[in-house]
Amino acid sequence: MRERRLHLASLEDAARLGARLAQALETGDAVLLEGELGAGKTTLARAVIAALTGESDAPSPTYTLVQSYETADGFALLHADLYRLRDARELDELGLDEALDQGAALIEWPDRLGAWRPADRLEVRLEEAGEGGRDVRLAAHGSWETRLDRLI
Ligand SMILES: Nc1ncnc2c1ncn2[C@@H]1O[C@H](COP(=O)(O)OP(=O)(O)OP(=O)(O)O)[C@@H](O)[C@H]1O
Ligand SMILES: [Mg+2]
């Protein structure tokens with residue numbers, strides 16, 4: 001595992017990190033977005049989706065739990081928000097494994113995943129910092145280790 005810390009002073013900084021993440025994404029990647037309510041998980045996921053699909057107002061999958069996207073060149077992107085997942089058995093129905101076969105997954109509230117932890121994963125922990133910004137800890141596992149430096 002390799003880790004890096006950075007600070008996002010504004011929504012523009014979040015958009016830039018999202019765009020760099022989008023460029024680095026490969027098939028089989030999971031990006032685990034961690035942090036309290038309001039930490040900025042959906043904001044970062046939306047920035048990735050916007051960079052990859054041009055969809056600038058992606059809905060938050062608060063109730064649907066998952067939302068899928070496909071880029072023009074056929075790369076599949078799944079955005080999941082597991083906050084309302086009631087039972088680990090529901091996970092099977094969300095198609096996370098299938099999503100990673102065809103593309104990448106951005107997952108909010110990954111603590112709900114239980115033992116399911118993809119080997120190639122980037123853990124992004126967001127935390128509110130002073131003056132409206134966010135502190136970010138990136139923890140790169142598996143193939144993300146060699147791509148971590150592209151993100152900062
Ligand atoms: N880097 C940032 N700088 C400043 N404001 C931010 C940043 N990221 C997010 N925000 C603001 O914080 C608020 C909450 O963000 P967001 O909805 O992305 O959080 P979340 O972690 O997805 O929350 P939840 O767990 O409730 O889904 C939004 O109003 C958003 O504009
Ligand atoms: Mg959210």
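Around ligand 1, the shell of residues sorts by class into five nonpolar, eight polar and three charged ones. Keep in mind that this is a predicted model. There are 16 residues around the ligand, and those that come nearest are Ala14, Gly40, Lys41, Thr42 and Thr43. Two elements each give two or more residues to this shell: helix 1 (11-24) and helix 2 (41-53).

Let's look at helix 1. Which of its residues are buried? They are Ala14, Leu17, Gly18, Leu21 and Ala22. These residues sit on the same side of helix 1, because the arc they cover around the axis is only 140°. The general rule behind such a pattern is that an α-helix has 3.6 residues a turn, so residues three or four places apart point the same way. As for packing partners, the buried residues of helix 1 go against strand 1 (2-8), strand 2 (30-34) and helix 2.

Now for the whole chain. The protein chain has four helices and seven strands, and along the sequence they come in the pattern β-α-β-α-β-β-α-α-β-β-β.

| Property | Value |
|---|---|
| Box filled by the C-alpha atoms, along the principal axes | roughly 40 × 35 × 30 Å |
| Buried residues, of 152 residues | 35% |
| Contacts between residues 24 or more positions apart, of those with a separation of 6 or more | 63% |

How values were computed
Residues numbered from 1 in each chain as written. Chains lettered and ligands numbered in written order. Predicted model: local features only at pLDDT ≥ 70, side-chain atom pairs only at ≥ 80, totals over all residues. Near = placed C-beta within 6 Å. Nonpolar A, V, L, I, M, F, W, Y, C, P; charged D, E, K, R; others polar. Buried ≥ 20, exposed ≤ 12 C-beta atoms within 10 Å, placed from the backbone. Arc of directions from axis to C-beta. Contact = placed C-beta atoms within 7 Å.
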